[in-house]
Amino acid sequence: MSHYCDTSALALAFWFPSSNKGFQCPLSGPMLNQSIFYYEAVTVCAAMCEVVTQLPHGSCLVVFTDNLNTMQMFNSLVALTPMNWMLISMVDMLLHSDIDFQVFHVLGIHDTVVDHLSCLHNNEALECVLGLSITSFQPPRNMLGAAKK
């Protein structure tokens, strides 16, 4: 299975082409205190949380992002110190599900649907892909800076 992830100043978004489902989470208020790189990584993790429950044990998963730092973080398993916990949580989830995972870089011109979703341009996204279903999502609270125990 593959999915595309993107983030803008307006929202986090991911799209599963195989099921033609798009997901959005508008950014507002206290959620705006991190870098775009942080939110790109949160988007990948949130998409993983969504897809892991749907994949059979031992599946393969491919993620496409237009952010090189995000690709490098997940493929090298090396993160900036404030993001280590996010990477560790995701790796734990993948190991528990026995899912093979790879992140690839895609040029922004090739991720049009998810780009529209992250900019909250839903009509444009719907024009790109007929039958696209768009749903909101809420990333795990700890990924948005909530206090950790």
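The model is predicted, so local features need pLDDT of at least 70 and side-chain atom pairs count only at pLDDT 80 or more, while totals for chains, interfaces and linings use all residues. Residues are numbered from 1 along each chain as its sequence is written, and side-chain values use heavy atoms, with hydrogens and water left out.

- Setting aside residues up to four places away in sequence, F101 touches V44, M48, L61, V63, F74, M90 and L94, contact being heavy atoms within 4.5 Å.

**A buried threonine**

- T70 lies in helix α2, and T70 counts as buried because its relative accessibility is 0%; buried means under 20% relative accessible area, exposed over 50%, and partly exposed in between, with a 1.4 Å probe and protein chains only.
- Leaving aside neighbours within four places in sequence, T70 is in contact with F37, E40, A41, V44 and T65.

**Largest pocket**

- The lining of the largest pocket is formed by F74, N75, L77, V91, L94, L95, D98, I99, D100 and F101; a pocket is an open set of points on a 1 Å grid over the protein atoms alone where a 1.4 Å probe fits, with protein on both sides within 12 Å along at least five of seven lines, and lining residues have an atom within 4 Å of a point.
- Helix α3 supplies the largest share of this lining, three residues, while α2, α3 and β5 each supply at least two.

**Aromatic pairs**

- The structure holds nine aromatic pairs, meaning rings of Phe, Tyr and Trp (its six-membered ring) with centres within 6.5 Å, called stacked if the planes are under 30 degrees apart, edge-to-face if over 60 and tilted for the rest.
- F14 and F137 form a tilted pair, 4.7 Å centre to centre with 55° between the planes.
- This pair links distant parts of the chain, with F14 in strand β2 and F137 in the segment after β6 (133–136), 123 residues apart.
- Ring pairs also link Y4, W15, F64 and F104 into a cluster.

Notes:
Helices (H or I, at least four residues) and strands (E, at least two) are DSSP runs, numbered from the N terminus.
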